[in-house]
Each structure stands twice: as C-alpha cells, then as structure tokens.
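Please open the structure in your viewer and keep the selection panel at hand.

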Amino acid sequence: MSADSSTSAHGTPAASAPDFAGLAVGDVVAERSFTLTRDSLVRYAGASGDFNPIHYRDDVAVSVGLDGVLAHGMLTMGLAVQPVLDWLGDPSLVDDYQVRFTRPVFVGPETGALLEVSATVGQLDAAAGTARIDLTATGNAQTVLGKAQVRVHSPAPATPSASALSAATATPAASA
Amino acid sequence: MNPDLQGRVFEKTAPYLVGREKIREFAAAVFSQSPLNFDVEAAVAAGYPDLVAPPTFGVVIQEGTLAQLLADPTAGIDFSRVVHGDQRFTSTRPIVAGDELTATLTVASVKQLGGHSMVTSESSIVDATGAHVVTAISTLVVRGDE
C-alpha cells in the first residue's frame, strides 16, 4: 500500500499548512496520478460496502450495457481529493467537496486504468480566508469528473491572530 | 419514479460506530497518504481525539439512508437503472474514530430530464450529541425505458 507507516515521517501535518496569501487563481497546488487495478476496486468495495458487481464482474457489467468493469464513482471522488489533502495537511480545512460523474473509468483486468488529478485554485477570497480548488481528473486520458470543487478555508489567520490576541490581553494583566 | 417523493423525510438510521480499523481500511482504499488517517499519535498531535476519516467516508453512513430510499416501494425506483449523477459533502468537522453517527435522509428534489428521472437526496449526519458533522448530497439518475 502507498499509505504505510512511513508517511508518519512527514511529522505534524499542520506545520505544512499552506499560506493562502501566496496563492493566485490559476495556481496548480497539487498533482498526483493513480494506477487503478481490479484489486483496487475490490478493496474499495470492501471498505465502502458498495458491492455492486459492475465493479468486479465483466459478465454483469456487459449484461447492463457497459464495455466492462468500471471503477466506483465514489472511489474516483475519494482519491481525487487526496492531493488537496496532502497539500492542506489538515482535513478540517475542507468545508465542502462536490463532483459530477461525467464518464465511467473502465478498469481492464490486465491493463488497469491510469487516473491523473490536477488541483488548481479556481477562486480566492483573501478577506474571508477561503478558496475554491478545482480538480481536473482524467481516466485513461479522458475527463471523468465535472464541476469537481473543493471549498477550503485557510489555517493561517486563525492561529496567529488568536495567539496575538491572547498575548495582548495577557500583557496588561501581567503588568498590573 | 413517484414525484410525491419530494420533501419526504425518512427515519433516522441506527447509530453507526466509526472504528479505527474501518478508517484505516477506507483510507487505504482511497489511496490516502495522510498520517492522520492511519496514525493515532499523529491525529492526536494535530488536535483530533482519534484517527480522522477521509472526506468521502460519510458515504458509508449515507449508504444506509440511500438503502431506505431505494427499498421504499412507494418511491418506485428501479435500482438496476440507477446511475450516480453527482455527489457532495458539506461538513462541519471531519468524522473521527469513536463517532457514533446517525443519518436522516430528505428528498430534496425529483426531476424529469428527457426520459430520465433524477432524485436528489440530502442525508444529514449527526453525532451522538446531535451536533451536525456532515451532510451527504447525492443525485441519482434513473434511466428511462429504452
């Protein structure tokens, strides 16, 4: 698995939280590619409880008019946000995440599927400390998600201003 | 599909206890690299009471509410024709291990588009204190007769 104990070597995730002040609309904040295999689909089926056989049986997929086994839309949605989470460091900064499923991702028994995700700043509100991160997800080089948007808020203003405030109130009390 | 479904509120689901190993299993399945999903110490150091679930984990709890909708004989939804159109999670806070979550589905809208029906549901997921955690919103497209 890609997610093993070695990832804890990154240390405290909050320490790497990005500074929204340095962002501009159009900036690519994260990119990652994923190789999906039939094993990935079986693993997701078990983890999520979605055992629809179109995600692991070719005969069933073909019988309902599909070209073959396809990835769960929710698997694509679940992994597409991962590069954004790696960039943010803290999942509590995500307020809202939405996607449209526009095209199935077929996962061949031997070839699998290549999913590529790119996350770009789509909208920025510096005053509010919020941003909309737009995801582009392609499966086997075709766009598979539409209106894939992650609304996030900045970690930066809250902590320093809160500590500055407590420092300001602490000083007179200490001198009094 | 029954157009009178719009506005229907289903029964609150039975409590779902979020387990650490379920979070680890789900996080691995969505290719997470975040230590907060796997390492309790890292999650606690970051200010969380326990392991943090990935943002789409709410689908596991939402699933119970969608099962209610699809199983309702008055809804008239043919599951074999259902396609997932879109999905959204609007969260107050991340789900963490130890959470005991219940969900209540409301049918937000029922629409016809071409020969297809579209039903949008909102499943509000709350913790044991009744505080909002995340709302999972799905549009299911029911393909019309060919």
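**Chain B, end to end**

Select chain B, whose elements follow the order β-α-α-α-β-β-β-β from the N terminus; here helices (H or I, at least four residues) and strands (E, at least two) are DSSP runs, numbered from the N terminus. The count for chain B is 3 helices and 5 strands. This is a predicted model, in which local features need pLDDT of at least 70, side-chain atom pairs count only at pLDDT 80 or more, and totals for chains, interfaces and linings use all residues. Residues are numbered from 1 along each chain as its sequence is written, while chains are lettered from A and ligands numbered from 1 in the order in which they are written.

Colour chain B by pLDDT, the predictor's confidence in each residue, from 0 to 100. The average for chain B is 94, and 99% of the residues score at least 70. The model as a whole scores ipTM 0.95 and pTM 0.88.

Now display the C-alpha trace of chain B, which spans about 55 × 30 × 20 Å along its principal axes. Of its 146 residues, 42% count as buried; a residue is buried if 20 or more other C-beta atoms lie within 10 Å of its own, exposed if 12 or fewer, and partly exposed in between, with C-beta atoms placed from the backbone.

Select residues 100-113 and 116-126 of chain B, which are strands S3 and S4. These strands run antiparallel and are joined by 11 bridges; two strands pair if DSSP finds at least two bridges between them. Within this pairing, Thr106(B) has Glu122(B) in S4(B) as its bridge partner. The hairpin of S3(B) and S4(B) has 2 residues between the strands, and Gly114(B) there takes a positive phi near 65°.

Met118(B) is partnered by Val141(B) in S5(B). In the hairpin of S4(B) and S5(B), 5 residues lie between the strands, and Gly130(B) in the turn has a positive phi of about 90°.

**Ser91(B)**

Select Ser91(B), in strand S2 (residues 82-91) of chain B. Is Ser91(B) buried or exposed? Ser91(B) counts as buried because it has 21 C-beta neighbours inside 10 Å. Leaving aside residues up to four places away in sequence, Ser91(B) touches Val94(A), Asp95(A), Val133(B) and Val134(B); contact requires that the C-beta atoms of two residues, placed from the backbone, lie within 7 Å. Ser91(B) and Val133(B) are 42 residues apart in sequence, yet their C-alpha atoms are 5.9 Å apart in space.

**Across to chain A**

Show both chains together: the contact takes 36 residues from chain A and 34 residues from chain B. On the side of chain A that touches chain B, S2(A) gives the largest share, 8 residues. Select S2(A) and S2(B), which run antiparallel and are joined by 5 bridges. Here Tyr97(A) stands opposite Phe89(B) in S2(B).

Of the 176 residues of chain A, 32% count as buried.
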